[in-house]
Amino acid sequence: MNRCNDVSLPAHRKALRRNAGLRALLVCTAISIGACGGGGQDSTSTTLQFEPPAGLAGQNTPAGGIGSELPKPGGGSFFLDPHQSGNAAELHLTQMSWGRLVDIHDADDSGAERAEPRFRDFVINENVMSDGMEYTLASNPVTHGTRLVIHAKKGSARFDALLNAAVQGLVPIAPKHDNGSSAPPFSHVARNACLVLRFDDLLEDDQDAQLALQETIRTRVGYPPTTPFGARLFFDPNHGGLAGGEFHSTRVLLDLTVSEFEPTPVPLPVNPLGPPASLPTSQAPNLSVRIPTLMHAGSGQFRLLTNLSGTPLALIGNGPVDFFGLTRDVVRGMRSGN
């Protein structure tokens, strides 16, 4: 699931996407949220509760629709995040957090688990536990994949409530530098966690962008964290918005573990444990995520993470930035579990 062409979109493609984004916005505004359901699934309208980033509540989204489940073109469904139709003049990393990566299953009318997941690659709170009545959490000993069974039928109020509860309280990652300029404490991250990077606009998430994620978002480990680390990177298939009649993600998921059974467009070494443990004797960061904002051929930086109109992360308003680096990286330093 890890996912290099010039980052700039042709002018005509940008114009088409801008116009298409406006059309999609008008269509989306006309949708009655209560009637929305997942394509190919039970007719339902789940609403995931979360606090929108400051200044973005209701921006370019259906009234009251943030967090609502909407049909995804081609089948399935997604949850609506705040966005600017892919046309933001500045792109921001509004939140970074971590949790457990699972596939979500529901139960049929008899209470039996459905074999086919309702949502794949969904990040839930690390504290969700099996209780046999509401949730069953199980890991496959061969593939290391984890599934969360919600003991309710999708489309029911019980399923909606339990799913909403499972996604609340993802652990936030504080915006701190990894170069010694930020004071401890640093956020702790479980070694087998999945990091969630949420942005304030629709991302360019086509196949080329997916393949380039190892270049556009870089993970480092060590003291200081300068050694490249092979994490699985992919666009969140469950959160985003519509532009031009197509779904586009607003989030990138960074899975710190790699299984031989998980497809990765870019080959990665199998690593079921995650990054090295941090030292109990040190409060310094040993894990960092860096997102370049400038291309630099001499450094091998030929692509950037952008929104649909080709805008990369802004230097201002994104927390710590490595202004001395050639690619002006937005930085998040943290500590892995020990």
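This is a predicted model: local features need pLDDT of at least 70, side-chain atom pairs count only at pLDDT 80 or more; totals for chains, interfaces and linings use all residues.

Reply: **Salt bridges, pair by pair**

Residues are numbered from 1 along each chain as its sequence is written, and side-chain values use heavy atoms, with hydrogens and water left out.

The side chains of E69 and K154 form a salt bridge (a side-chain nitrogen of Lys or Arg within 4 Å of a carboxyl oxygen of Asp or Glu). The N to O distance is 2.9 Å. E69 belongs to strand β1 (residues 69–71), and K154 to the loop between β6 (146–150) and α2 (157–167), so the pair ties together parts 85 residues apart in sequence. Strands (E, at least two residues) and helices (H or I, at least four) are DSSP runs, numbered from the N terminus.

By this rule the model has 13 salt bridges. One of them joins R120 to D103, with the closest N and O atoms 3.9 Å apart. R120 sits in strand β4 (residues 119–124) and D103 in strand β3 (residues 93–105), 17 residues apart. R120 is partly exposed, at 43% relative accessibility.

Next, R290 and D329. Their closest N and O atoms are 3.1 Å apart in a salt bridge. R290 is in strand β16 (residues 287–291); D329 is in the loop between β16 and β17 (330–336), 39 residues away. R290 and D329 are both buried. A network of salt bridges links D178, R290, D322 and D329.

Definitions and conventions. Buried means under 20% relative accessible area, exposed over 50%, partly exposed in between (1.4 Å probe, protein chains only).
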